[in-house]
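Have the structure open and follow along.

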Amino acid sequence: MIEQDVLERVLSSATKTGADFAEVYAEDKRSTSAGLDDGLVEQVTSGRDRGAGIRVIAGDTTGFAYTSDLSEAGLLAAAGAASAAARGGGGGVKTVGLTKAAAHRPNTIIHDPDSIEKARKVELLNRMNDAARAYGEQIVQVSAGYGDSRKRVLVANTDGVLADDEIVRTLLRINAVADGDGGMQTGYQSMGHTVGFEIFDTVDVEEMAREAARQAITKLQARPAPSGEMPVVIKHGTGGVLFHEACGHGLEADHIQKGASVYAGKVGELVANPLVTLVDDGTMPGEWGTLGIDDEGQRTQRNVLIEDGILTDYMWDFLRARKDGRPQSGNGRRQSYQHLPMVRMTNTFVMNGPDNPDDIVSSTPNGVYVAKLGGGSVNTASGDFVFGMTEAYLIEDGKITEPLRDGNLIGNGPKVLQDIDMLANDFSMGSPGTCGKDGQGVPVGDGQPTLRVKALTVGGTAA
């Protein structure tokens, strides 16, 4: 994308006014998307975006500039702007010698989505539309979407880092709406991986559609969710977002250094039930948050954050690691070349426990079973959260019974970690997600085995 000698001259120029550090992050991204609504494919779009962001650090000041001009002249102009923002004074020239890092490719691509005809991508949407509508006459509306992207990234900095990566992502989603005596209800399914079009050799798109339709029709017979504190069982692969939002963000080093996290200063302390081990892992092949390198050129890695209930470490990017004098953890991420990096999660999950998932339900006399957790909101400083229950059921006499609707889970992340009293051995990752932080969105994955929280507040509408 950019020749090494050009990168070296740009970095030297960026630091000639005496800056401590300079970095070039360049990317070239191609993407395709298609949408279907009410049986009609509304749009098939393709695009390309390329450019570079240049970061210059002088003392505690960071200058940043970006450009879509990847010529040497364009990069030098951006470097000059970033350098001026970081420091206005004169200084010496820093010679930069770049060393290319060994390749680290956790993702293997067989069929580049760019090489696939758009008609085959549209065909997927039509097949899902037909399957969802055929599931039941109550299905009155179907919308579906397909997306893929291929992004090449290159990172070089004055610490001698020179690394590149190529990330291919493929995504499919469907939303089905059912109409009945109880009003209109929705069902949703999605899948996304850092793999190519070969994913559709193994994913049954019709089954995805039928599952979305089943959820919507099931909720037509749902009763209002109860209210109050009770045991809550969360199905495997569906509740990872709770740990991402309510716990993971509190383990990001920027929040720790600001003192804006309940986990600050607690390394070595018991912060969860000893059953719980929480991991962030950017190396999991094919998962939505997987990367070869983070957006600061560091190899992604497996970071054990909580082990057997004990807080072991936080997640680190360049700035926070430098301040604490420790290695980075491969968690520096940014939305695009137009954004500065910050500490972010990759794939975050709770590991398996010793229990059988069926035993968890049968040993719960009364409570709520959450088969699909929805979106919510979290106070990162306190860990307090509210999440919607997209698909949930009553547990009565140790059995899953009636479907529920209009319910929320209300609680506190650190307390949930302590109140997990059963953890199954059926771990799976969940649906692809986008983490929003300080106005930037990046792809992330999450997952967990079936688990029980012994006491969690359910906010329902039942009288």
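## The largest pocket

In this predicted model, 41 residues line the largest pocket, and those nearest its centre are G237, T238, K372, G430 and S431. Several elements give two or more residues to this lining: helix 4 (205-220) and helix 5 (240-248), together with strand 7 (183-193), strand 16 (366-378), strand 17 (384-396), strand 21 (428-429), strand 22 (433-437) and strand 23 (440-448).

The volume of the largest pocket comes to about 1,000 Å³. Sorted by class, its lining holds 20 polar, 13 nonpolar and eight charged residues.

## The second largest pocket

Two or more lining residues come from each of strand 1 (21-37), strand 2 (40-58), strand 5 (139-157), strand 6 (161-180), strand 7, strand 22 and strand 23.

Which strand gives the largest share of this lining? Strand 1 does, with eight residues. The classes here are 16 polar, twelve nonpolar and ten charged residues.

Why is helix 5 described as largely enclosed by the rest of the structure? Seven of its nine residues are buried, so the rest of the structure encloses most of the helix. The buried residues are G240, L242, F243, H244, A246, C247 and G248.

One of them, L242, is touched by L373, a residue of strand 16. L373 has 10% relative accessibility and therefore counts as buried, the cut-off being under 20%. Leaving aside residues up to four places away in sequence, L373 also touches T238, G239, V241, F387, G388, T390 and L409. The C-alpha atoms of L373 and I234 are separated by 8.2 Å, although the two residues are 139 apart along the chain.

## Two aspartates with positive phi

If you like checking backbone angles, look at two loops. D406 is in the loop between strand 18 (399-405) and strand 19 (408-412), and its phi is positive, about 60°, although it is not a glycine. With 46% relative accessibility, D406 counts as partly exposed.

D438 sits in the loop that runs between strand 22 and strand 23. Its phi is also a positive value, near 50°, in a residue other than glycine. Is D438 buried or exposed? Its relative accessible area is 64%, so D438 is exposed.

## Domains in the record

An unreviewed UniProt entry lists residues 112-220 as "domain: Metalloprotease TldD/E central". In the model this span is 31% helix and 46% strand, and its end C-alpha atoms lie 41 Å apart.

The unreviewed entry also lists residues 227-460, as "domain: Metalloprotease TldD/E C-terminal". Here the chain is 15% helix and 40% strand, with the end C-alpha atoms 5 Å apart.

The protein has a mean pLDDT of 93, and 97% of its residues reach 70 or more. Where should you be careful? Over residues 89-93 pLDDT stays under 50, and the model has ten contacts beyond four places in sequence for this stretch. Where pLDDT is low, the predicted coordinates should not be read in detail.

How values were computed: Residues numbered from 1 in each chain as written. Predicted model: local features only at pLDDT ≥ 70, side-chain atom pairs only at ≥ 80, totals over all residues. Heavy atoms only, no water. 1 Å grid on protein atoms, 1.4 Å probe; cavity = no way out; pocket = protein on both sides within 12 Å on 5 of 7 lines; lining within 4 Å. Points joined across faces, edges and corners; volume = space filled by probe spheres on them. Helix = DSSP H or I, 4+ residues; strand = E, 2+ residues; numbered from the N terminus. Nonpolar A, V, L, I, M, F, W, Y, C, P; charged D, E, K, R; others polar. UniProt positions renumbered as here; feature names shortened; annotations may be inferred. pLDDT = per-residue confidence, 0-100. Contact = heavy atoms within 4.5 Å. Buried < 20%, exposed > 50% of the residue type's maximum accessible area, 1.4 Å probe, protein only.
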